[in-house]
Amino acid sequence: MRGKTYIAAVLASMAVTTKAKTQSLSLKDLQAQGVSSIEGPQSSSPAQVYGQIRMEGMQYFTPIPESPQLTYSQLLSARLSALKETSLVDLAADISGGTFFSRGQSHFVVHEAYLASHGMGSFRGFLGRKKKDWSELDRRWQLGLWQPNFAIDALRPEEQGLSGLFLDYNTEGWELLGFATPMFIPSMGPDIREEGGGLVADSRWYRAPSRDYDFNNRINNIRYELDIPETAKLVGNGGVAFMGRLGNKEKGPWVVTSAGYLPVNELILKRKNFKDVSEDKVDVTVSPDVTYHSIYSMDVGYSFSNLKASISYLQDDPREKLPETEWSIQRLNPIQAYAAAFDFSLSNVWTKTLAFQLEYLKVEGGGIVDVLANGTPDDFTLFDKRLKFTNALSFRVEGQLASFFRRPFVTRFKYLYDYDQRGSLLNTEFLYYPSQKWAVVMGGDVLGVQDESYNASSFLNQYRANDRVYGGMTYVF
């Protein structure tokens, strides 16, 4: 993710979780391993509880000079999903936690937790934190514009639910959803702290802002300090959103359109500079803040048999927020994003079924410029991009290629190329299930660019040294 996400995570960790760093599985991954999400069948059973325990080791190939110790990690994590039905309401929760066996490197996250009305036919009310399919584009590309991301590992971001009141009238042929909230929980990244005058994190997915500052044609050293506002000031920001669906997304033509006025899930940063004329140093105070955006999206698709095709559009218009005198603040440029997706599956390939996914994303805008109190651009910008990918083609295949001792061996492969960055990302994963509840996992990620001197601040160029392999075991109950 962008570096600013991780500084903003200081606030998020205070509001939602303890100091965090993890590589968690999504609910989609849980379902692939036999675990239902809290959106599962609405039976009359007293309670439905599902869970997962995972042990994983991860090795990075290349040490990085600023954090040479961050080459190997071990993670023990657990996830629990539960649904309890009563005669009046349903209670649902999806939570996870984990540790890296080092001080301060643990997490506890509430992905979803809500009360739902019961026995009211097609109409249901939900109160709490809940995921909804606001935008195909936002969900597939994990942009985090509609719903916040839990992204302390940039290659494994997971969409989180919005928190508030949902009023949903949902039938097979159409749906109307209204949402309102008095509160805001932002996206999360690695925990950031002050150390030696810099901003650091125990994560290879964080890049500290530059400590060099050109002042009157002289290079000065920057000394950073964090100023975290009261949690209530940042969390106490509400919003509204609406969504409508026409058609059934499982068969035939369908259209989904969504609109909202919500806080931007990535906290913006403001800073105050103080120059000591007797020294070649600049003191910089960095503080997170909240701004709003109007967001609109539309998805049009057609589904039949083993094939699904869709085209999507998403735009946001961030509200400009000017800082106090002597401060500067990030101005977010609007985003216009276009995407197309094609999903299909093939049966009886080597007697197995393979699922394929082809996607394309094009983004216009999305830059960041630091501005002064009068609205003019500052001569220094902390971070200049809002998104990881802006002109990318992605191909993915997943399926059971073989069986060993009559147990399934599953392969997942994904390749992404971003034309704006002239770089690529390759993900591979192999899962073997010696029993229905146990899975052995091995995988790797490879990042690269064609020209390291081109677009140095791009995501793939910044993190090209983060090639890695991982392995472990998962137990599902």
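Colleague: Which residues does T381 touch, not counting residues up to four places away in sequence?

Modeller: In this predicted model, T381 touches R271, I368, V369 and D370. Contact here means heavy atoms within 4.5 Å.

Colleague: Where is T381 found?

Modeller: T381 is found in the loop between β23, residues 368-371, and β24, residues 391-404.

Colleague: Why is T381 called partly exposed?

Modeller: The relative accessibility of T381 is 29%. Buried means under 20% and exposed means over 50%, with partly exposed in between. T381 therefore counts as partly exposed.

Colleague: What makes the pair formed by T381 and D370 a polar contact?

Modeller: A polar atom of the T381 side chain lies 3.5 Å from the backbone nitrogen of D370. The cut-off for a pair of N or O atoms is within 3.5 Å, and one atom must be able to donate a hydrogen and the other to accept it.

Colleague: How far is the C-alpha atom of T381 from that of S328?

Modeller: The separation is 9.4 Å, although the two residues are 53 residues apart along the chain.

Colleague: Which residues touch the most other members of the largest nonpolar core?

Modeller: They are W134, W205, L361, F389, L447 and F459, in a core of 48 residues. Strand β27, residues 438-449, gives the most to this core, with 4 residues. A second, separate core of 14 residues includes L199, Y206, F380 and F383.

Colleague: What share of the chain is buried?

Modeller: Buried residues make up 52% of the 477 residues. The chain has 5 helices and 28 strands.

Notes. Residues numbered from 1 in each chain as written. Predicted model: local features only at pLDDT ≥ 70, side-chain atom pairs only at ≥ 80, totals over all residues. Heavy atoms only, no water. Helix = DSSP H or I, 4+ residues; strand = E, 2+ residues; numbered from the N terminus. Buried < 20%, exposed > 50% of the residue type's maximum accessible area, 1.4 Å probe, protein only. Core = buried A, V, L, I, M, F, W, Y, C linked by side-chain atoms within 4.5 Å.
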